[in-house]
Amino acid sequence: MSIPSDALTSMAHPLRIRICKFARTQMAGEAICSPIPKAMRSFTPSFIIPIVAFAALSAGCFGGSGNSTDSDGFTSKGGSLASGDDTLTSGEFADDYSITAQPGQWIEVVMTSSEIDPYVILKPPSCPDVGTCEQQIDNDDLQSGDTRAFVFHSADQAGSWNILATSSSPGEAGAYDLAYRVVEAGTTPATAGIQNAADGLNAAGALAAGDKTLDSGEYVDNYIFFGNAGQSMTIDLRSSEFDPYLILFAPDKSQEDNDDYQGDQSHSQLVTVLASAGMYRLSATSYASGESGAYTLNMTAGGAGAPSTASGDAVPFEKK
Ligand SMILES: [Ca+2]
Ligand SMILES: [Ca+2]
Ligand SMILES: [Ca+2]
């Protein structure tokens, strides 16, 4: 079963070279290889939003009901995706919320539902109201097995940011909860279950039918963590049951890949220094589509690049 994923556009390739997963070394003509986590999902409010809806949109809440603020500063909204909502061009219903932020502040958004598979898109003020926007930030799942959608993003522009609360697949309808806040630089995510890079990771999982997939068809398990600039990380993905392939996505959407560490097809490894603070995503996947089986994923932090600029309390690691 192949579920359209938030991950990558990639071409089939007969050789042991994964050109399309190497956007970091992207050159002219390889734009198709960029990670486009639904970045190509267009939003077409001018076509779909009825005039009456704009009043609700300008009030900061479209399609939602209920409103409260908790002790962490999150504003909570209850809403639902339903027939009659405006839709993304890819067919998902979407509700639109707005939030004001200044450069240097961070925006944290978490969307939860027991009825749909939530998906969040955060659009900077510079993004047009209509159409795609390369600067938008997407998230489908906080972790594999945890369908909360989560964004924690440094606001590099002043003004009104749009939060689109939508679903992973077209046509999903049901109730959801959305919580969002704006916090000052140096604050760490307050959403439960966000892993900190400094805490490392020891995970055992499996690629299996029903997992989300890259556009090129490979099953993928995603692990999200918060990292600080200058942290040095060593990440190992191992399997004796399939040919593992490891991808690390940075907050700026750049990526690092490894298929085989020192020629070992059962071992992928990345050694890197995190370039900026923000949310990183590890994708444990396979070399070829359809491969399945158990794996172990280990991440350790430390070394010369240990963070000196981190502030706030570390977020306890909680593997979902
Ligand atoms: Ca999701
Ligand atoms: Ca899996
Ligand atoms: Ca491999």
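In what sense do strand β10 and β13 pair, and over how many bridges? Strand β10 (residues 195–196) and β13 pair in the parallel sense over 2 bridges, where strands are DSSP runs of E with at least two residues, numbered from the N terminus, and two strands pair if DSSP finds at least two bridges between them. This is a predicted model, in which local features need pLDDT of at least 70 and side-chain atom pairs count only at pLDDT 80 or more, while totals for chains, interfaces and linings use all residues. Residues are numbered from 1 along each chain as its sequence is written, and chains are lettered from A and ligands numbered from 1 in the order in which they are written.

**Partners of β13**
- Strand β12 (residues 212–213) pairs with β13 in the antiparallel sense over 2 bridges, and Lys212 stands opposite Val220 in β13.
- Strand β18 (residues 278–286) also pairs with β13 in the antiparallel sense, over 8 bridges, with Gly278 of β18 as the bridge partner of Gly227.

**Burial of β13**
- Because 9 of the 9 residues of β13 are buried, this strand is largely enclosed by the rest of the structure; a residue is buried if 20 or more other C-beta atoms, placed from the backbone, lie within 10 Å of its own.

Notes:
A residue is buried if 20 or more other C-beta atoms lie within 10 Å of its own, exposed if 12 or fewer, and partly exposed in between; C-beta atoms are placed from the backbone. Helices (H or I, at least four residues) and strands (E, at least two) are DSSP runs, numbered from the N terminus.
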